[in-house]
Amino acid sequence: MTEAAPAPNSAPHAATSAVTCPNCGGTVEIRAAGYSVSIACQYCGSILDVSNPDVALIERHSQAMAELELPLGSRGWVKGNEYQLVGFVRRSIDDEGWDEYLLFNPYVGYRWLVYEEDEWSFGTMLTSLPVTSGDSADYAGIRFVDEEGEEWDAVVERVVGEFYWRVQIGDHALLANFEGGGATLSRETVADEVSWTVSEPIGSGEMRGFGKAEQSGDPEPGAGTSGTSRFAGGPGATALGTGAGTVPNESLARAWLYTRLGAVVAALMIVVMIVFSTGGTSQQGFAYELQLDGPEKTLSFGPLVFAGRSQRVVIETSADQIDNAWIDTDISLVERTTQAVISTTDVVESYSGYDSEGRWSEGSRSTATKLASVPAGTYDLIIDASAHSWPSPSLNGSQQLQVATRVSSGGVFFSNFILALLLL
């Protein structure tokens with residue numbers, strides 16, 4: 001026995017077209033063009049094959065079709081989604097019949113509305129097979145049981161509209177129903193093909209429109225319905241046996257997954273920051289004087305020993321007395337063995353004064369240069385520094401500025417952590 005290919009549950013936008021009925025000449029609209037295989041003429045009831053450009057007459061009917069409970073082509077909302085009614089089938093078992101309305105949404109796919117004994121239910125064709133064992137079937141975390149243990153011969157009595165398979169009056173199918181979780185899982189066997197459908201009751205406020213005023217009236221533009229289908233999202237879309245599950249939004253679920261992964265990564269980054277910032281750090285300080293508007297000085301300090309294979313190094317320069325002046329520094333780390341040089345520049349500047357709005361100030365009396373990766377070795381710190389007053393020299397080089405330089409190694413740059421958080 002082979003399994004029938006399930007009806008498509010999602011599809012791109014379907015075009016609308018029309019064909020001429022070979023029996024009566026009526027124009028028959030195809031609402032799901034490109035997906036529908038057969039269609040019933042609404043004027044004479046003849047069944048047409050529309051799977052190819054040459055429309056073929058499958059079966060001729062002269063009896064006029066009785067008015068349907070829901071008009072063909074009408075639109076409505078069921079369990080949160082809008083559908084168009086494209087097909088109708090009436091089937092019966094031993095003269096006891098029920099109505100099945102085929103719904104279509106180009107972005108959701110096909111669904112069923114089933115009307116039996118004055119009650120409506122919502123059917124979803126399965127895209128994955130349930131796990132069966134004897135008189136039970138497991139699907140979406142629910143165990144369905146066939147309490148009757150029987151199969152019934154269902155016969156098609158009437159067909160109107162269009163369908164994604166070829167159907168005509170007199171078609172037979174063996175049906176078996178499995179009950180569980182407030183829903184019904186139906187197995188339908190035609191020849192050697194098997195298909196499954198899960199149906200759930202439609203509660204108050206979960207269905208409206210389809211041209212029937214008694215269904216709470218037609219919705220306003222953009223208005224939907226309450227409730228969601230427990231099964232429209234596939235096997236994992238329902239809570240176990242709750243009877244009131246909701247379909248999780250796939251995008252939200254994916255976003256929640258990424259959020260959790262990001263939180264884990266952020267936590268690991270914090271741990272790394274703490275480890276590196278509390279261990280393996282060292283600091284050395286050096287002091288010197290500069291004449292304001294005096295000559296440039298070249299100073300050498302050392303040795304600086306960096307033991308790690310590659311470490312973070314911060315060189316901070318400060319001058320607490322500086323005001324309306326700046327200090328230029330050219331800084332070099334020279335490795336004693338290899339004479340490898342790492343060079344950088346920095347400026348310490350601080351300005352203040354008065355204007356019509358009062359006192360103002362800008363700049364800072366300290367600055368820091370950060371080197372992300374300095375190889376292991378023994379280094380000398382070479383500084384070429386000069387101090388300048390603003391706006392013009394006024395002390396003739398008589399003022400001495402006390403300057404301090406501190407070199408620290410180890411730890412991590414917390415700005416990298418913040419950048420990583422932004423990227424996450």
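1. Helices (H or I, at least four residues) and strands (E, at least two) are DSSP runs, numbered from the N terminus. By that assignment the protein chain has two helices and 26 strands. Gln339 sits in the loop between strand S22 (325-335) and strand S23 (341-355).

2. This is a predicted model, in which local features need pLDDT of at least 70, side-chain atom pairs count only at pLDDT 80 or more, and totals for chains, interfaces and linings use all residues. Residues are numbered from 1 along each chain as its sequence is written, and side-chain values use heavy atoms, with hydrogens and water left out.

3. Overall burial: 41% of the 424 residues of the protein chain count as buried, where buried means under 20% relative accessible area, exposed over 50%, and partly exposed in between (1.4 Å probe, protein chains only). The accessible surface of the chain is about 22,500 Å², with 51% of it belonging to carbon and sulfur atoms; areas come from the Shrake-Rupley method with a 1.4 Å probe, and for residues only the protein chains shown count as cover.

4. Contacts (heavy atoms within 4.5 Å): among those between residues at least 6 apart in sequence, 62% join residues at least 24 apart. Ala387, in strand S25 (residues 366-389), is a buried case at 0% relative accessibility. Leaving aside residues up to four places away in sequence, Ala387 touches Leu290, Gln291, Leu292, Asp293, Gly294, Trp326, Ile327 and Leu401. Ala387 and Leu401 are 14 residues apart in sequence, with a C-alpha to C-alpha distance of 8.1 Å.

5. Backbone points to check. Most residues other than glycine have a negative phi, and most peptide bonds are trans. Gln339 has a positive phi of about 60 degrees although it is not a glycine, and Gln339 is exposed at 52% relative accessible area. Asp118, also not a glycine, has a positive phi of about 65 degrees; Asp118 lies in the loop between strand S10 (109-116) and strand S11 (119-125) and is exposed at 65%. A cis peptide bond joins Gly302 and Pro303, with omega about 0 degrees, and Pro303 belongs to strand S21 (residues 297-318).

6. Salt bridges (a side-chain nitrogen of Lys or Arg within 4 Å of a carboxyl oxygen of Asp or Glu) number ten. Glu206 and Lys79 form one, at 2.7 Å from N to O. This pair links distant parts of the chain, 127 residues apart: Glu206 in the loop between strand S18 (193-201) and strand S19 (207-209), Lys79 in the loop between strand S7 (75-78) and strand S8 (81-93). Glu206 is buried at 14% relative accessibility, and Lys79 is buried at 6%.

7. Glu316 and Arg406 form another salt bridge, their closest N and O atoms being 3.4 Å apart. Here Glu316 is in strand S21 and Arg406 in strand S26 (residues 400-409), 90 residues apart. Glu316 is partly exposed at 27%, as is Arg406 at 29%. Elsewhere, Arg90, Asp99 and Glu157 are linked in a network of salt bridges.

8. Which residues gather in a patch of negative charge on the surface? They are Glu69, Asp94, Asp95, Glu96, Glu116, Glu117, Asp118, Glu119 and Asp153. Patches are made of residues with over 30% relative accessible area and no salt bridge, like charges being joined within 9 Å and nonpolar side chains (Val, Leu, Ile, Met, Phe, Trp, Tyr) within 5 Å. Lys and Arg count as positive and Asp and Glu as negative, while His and the chain ends are not counted; the place of a charge is taken as NZ of Lys, CZ of Arg, CG of Asp or CD of Glu. Asp153, in strand S15 (residues 152-163), is partly exposed at 38% relative accessibility.
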